[in-house]
Each structure stands twice: as structure tokens, then as C-alpha cells.
Amino acid sequence: DPRCGNPATVAAYQEGIAYAVKSIAAATRSVSIYLDAGHGGWLGWKDNMKDFVSTVRGLHVAQHLRGFATNVAGYQALGEMCPEY
């Protein structure tokens, strides 16, 4: 998200992810690369999904990706309410 961090941080993130994906893809064809897509709840908002797609397109690595992983940190169960105490 370009609204997060200063320009140097955003550039380092974008360049770092693109470098990592391209380096892995160039080193071997026998791995499947999945990109962390963030918190499962965050992507549920239409505007956030558009931002995510725009960011991935801007990295120019889509041809190397097999897919995306979501909800890997701060796990949030789908369709389950928090228990009441």
C-alpha cells in the first residue's frame, strides 16, 4: 500500500519482493512460488483487493507465481464467531 511507510520503504519492499521472486524462478523451475497476500480479513474489502492486484502487477512477477497464501499470520477462522466470555 503506497500510503504505508515512506517512499524508500515502499521502494525497498517492491524491489525486494520482485528480486526474490525473480531470483528463485531463475535458479530453479522445480518450485512453486506463492506470494503472501496478507491477512484474510484485509483482502475481503473490495478496495484492498484492487490495491493488492495493482501492487502485484507492478512487481512484474505474476508469470512466476503459482498463487497466493492468505491468513498465515494472525489466523482468523472463517465463518466462526469469537466465543463470549
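1. How many helices and strands are there in the protein? There are two helices and two strands, and along the sequence they come in the pattern α-β-α-β. Helices here are DSSP runs of H or I with at least four residues, strands are runs of E with at least two, and both are numbered from the N terminus.

2. A word on what you are looking at. This is a predicted model, where local features need pLDDT of at least 70 and side-chain atom pairs count only at pLDDT 80 or more, while totals for chains, interfaces and linings use all residues. Residues are numbered from 1 along each chain as its sequence is written, and side-chain values use heavy atoms, with hydrogens and water left out.

3. Now the overall picture. Of the 85 residues, 19% count as buried. Buried means under 20% relative accessible area, exposed means over 50%, and partly exposed is in between (1.4 Å probe, protein chains only). The protein exposes about 6800 Å², with carbon and sulfur atoms supplying 59% of that; the areas come from the Shrake-Rupley method with a 1.4 Å probe, and for residues only the protein chains shown count as cover. As for contacts (heavy atoms within 4.5 Å), take those between residues at least 6 apart in sequence: 69% of them join residues at least 24 apart.

4. Which residues of α2 are buried? They are N48, F52, V56 and L59. These residues cover an arc of only 70° around the axis, so they sit on the same side of α2. The arc is that of the directions from the helix axis to the C-beta atoms. The face turned away from this buried side carries the exposed residues K46, D47, K50 and R57. What covers the buried residues includes α1, β1 (33-36) and β2 (65-69).

5. Next, the largest nonpolar core. A nonpolar core is a set of buried Ala, Val, Leu, Ile, Met, Phe, Trp, Tyr and Cys residues joined through side-chain atoms within 4.5 Å. The largest one has eleven residues in all: A18, V21, A25, I33, L35, A37, F52, V56, L59, V61 and L65. Helix α1, strand β1 and helix α2 each supply at least two residues of this core. In soluble globular proteins, nonpolar side chains tend to be buried together.

6. Have a look at L59, which lies in helix α2. L59 counts as buried because its relative accessibility is 5%. Not counting residues up to four places away in sequence, L59 touches Q14, I17, A18 and K22. L59 and Y13 are 46 residues apart in sequence and 10.0 Å apart in space, C-alpha to C-alpha. Y13 is found in helix α1 (residues 7-27) and is partly exposed, with a relative accessible area of 46%.

7. Is H60 buried or exposed? H60 is exposed, with a relative accessible area of 55%. This residue follows α2 and lies in the loop between α2 and β2. The phi of H60 is near 60°, a positive value in a residue other than glycine. Most residues other than glycine have a negative phi.

8. A search of the whole structure finds one aromatic pair. The rings of F52 and F68 have their centres 5.3 Å apart and their planes at 75°, so the pair is edge-to-face. Rings of Phe, Tyr and Trp (its six-membered ring) pair if their centres lie within 6.5 Å; planes under 30 degrees apart count as stacked, over 60 as edge-to-face and the rest as tilted. Because F52 lies in helix α2 and F68 in strand β2, the pair ties together parts that are 16 residues apart in sequence. F52 counts as buried at 13% relative accessibility, whereas F68 is partly exposed at 44%.

9. One last stop, in strand β2, where G67 is found. At 13% relative accessibility, G67 counts as buried. Leaving aside its neighbours within four places in sequence, G67 is in contact with I33, Y34 and L35. G67 and Y34 are 33 residues apart in sequence but 4.8 Å apart in space, C-alpha to C-alpha.
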